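Hi there,

Here is the structure I promised to pass on to you. Have a look at it first, and then read on for my notes.

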Amino acid sequence: MYFDSHAHYDDRRFNKDRAALLETELPNSGVVGIVNIGACMKTSVASVALAEKYPFIYAAVGVHPHNASQLKAADLETLRKLAAKPKTVAIGEIGLDFHYDHSPRDVQRHWFAQQLALAEQLDMPVVIHSREAAQETMAIIKESNVRNGVIHCYSGHLPMALEYIEMGFYIGLGGVVTYKNAEKTREVAKQIPLERLLIETDAPYLAPVPFRGERNDSAKLAAVVETIATLRDISQKAVSEATTANVKQLFSI
């Protein structure tokens, strides 16, 4: 069984076969749960709609740093209302992305802090995106009182992962862990406490080996679990059971 802690099934790349995937193919592949993640106001609404339609899907609502420049103050109240929906379990995907800089960095910082404050007010976990902004992401989190969430698609070094865990966070790992050149990620997968590890796809992105370059989906978590199990020298069942329990613990499912 696999619980995908981070996916985007509202993405247009699933338009042709979304229903078949979510109604038949993924459940038949052992997928027992999915957290569908908002990246803007539109996709946050779509995530809630998917969660309301499918019993095994849950929603996170928030605005990705790429889209931070689109945010306005009134949107925080909309996010607050979406967060009150019964199957909304987190605020996210929020954070910083200094790789693409699709939104100005000062705008990213402002709305990251504002959404962290919203999560604190609502006592909800967060889903954090950080790319080429590791130190500043952690600094902004430390300035807040938020100490519950997941660092999505973690790409940093082991010491920072352990620091996040000490703070109270989980570490999300997906297809990148299967890439032979992803030495930092593979070391994190091997060394962090199993009770703080989540598995994810970021579907439709970041498909694992041997599907690299294809559209990703939650059935491909089997390859992620196999790699993590090999790295840790434990059974695949132990990885899948632990990560399923972890995501339920984090998101109060």
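One term to start with: a residue is called buried under 20% relative accessible area, exposed over 50%, and partly exposed in between, using a 1.4 Å probe and protein chains only. By that rule D123 is exposed, since its relative accessible area is 71%.

Some background on the source. This is a predicted model, in which local features need pLDDT of at least 70 and side-chain atom pairs count only at pLDDT 80 or more, while totals for chains, interfaces and linings use all residues. Residues are numbered from 1 along each chain as its sequence is written, and side-chain values use heavy atoms, with hydrogens and water left out.

**The sheet**

Helices (H or I, at least four residues) and strands (E, at least two) are DSSP runs, numbered from the N terminus. Two strands count as paired if DSSP finds at least two bridges between them. Eight strands form an open sheet here, in the order β1-β2-β3-β4-β5-β6-β7-β8, with parallel pairing. Its edge strands are β1 (2-7) and β8, each of which pairs on one side only. From one strand to the next, the twist averages 25°. For this and the other angles below, axes are lines fitted to C-alpha atoms (for helices, over the stretch in contact), and angles run from 0 to 180 degrees between N-to-C directions.

Within the sheet, β4 (residues 88-97) and β5 (residues 126-131) pair in the parallel sense over six bridges, and I94 stands opposite I128 in β5.

How many of the five residues of β7 are buried? The count is five of the five, so this strand (residues 169-173) is largely enclosed by the rest of the structure. In a regular strand the side chains alternate between the two faces of the sheet. In β7, F169, I171 and L173 point one way, and Y170 and G172 point the other way.

On one pairing, three bridges join β7 to β6 (residues 149-151), running parallel, with V150 opposite Y170. Three bridges also join β7 to β8 (residues 197-199), again parallel, and there L173 has I199 as its bridge partner.

Two crossovers involve β7. A crossover is right-handed if, with the strands pointing away from the viewer, the path from the first strand over the helix to the second runs clockwise. β6, α6 and β7 make one right-handed β-α-β unit, and β7, α7 (residues 183-191) and β8 make a right-handed unit as well.

**Helix pairs**

Two packed helices are described by the angle between their axes and the distance between the axes. Angles under 35 degrees count as roughly parallel, over 145 as roughly antiparallel, 65 to 115 as roughly perpendicular and the rest as oblique.

Helices α5 (residues 134-143) and α6 (residues 158-167) pack at about 10°, with axes 12 Å apart, and are therefore roughly parallel to each other. Contact means heavy atoms within 4.5 Å; the residues making it include I141 of α5 and Y164 of α6. This contact divides into six nonpolar, two polar and two charged residues. (Ala, Val, Leu, Ile, Met, Phe, Trp, Tyr, Cys and Pro count as nonpolar, Asp, Glu, Lys and Arg as charged, and the others, Gly among them, as polar.)

Helices α2 (residues 41-53) and α3 (residues 73-83) also pack at an angle of about 10°, with their axes 11 Å apart, which makes α2 roughly parallel to α3. Here the contact is made by M41, S44, V45 and V48 of α2 and D75, T78, L79 and L82 of α3.

**Some single residues**

The loop between β8 and α8 (221-232) holds S218, which counts as buried at 0% relative accessibility. Leaving aside neighbours within four places in sequence, S218 is in contact with D4, Y9, L26, V31, I34 and T201. P204 lies in the loop between β8 and α8, and a cis peptide bond joins A203 to P204, with omega about 15°. P210 has its place in that loop between β8 and α8 too, with a cis peptide bond from V209 and omega about 10°.

Back to D123: it is found in the loop between α4 (105-122) and β5, and has a positive phi of about 55° although it is not a glycine. S252, in the segment after α9 (236-251), also has a positive phi of about 55° without being a glycine.

Enjoy exploring!
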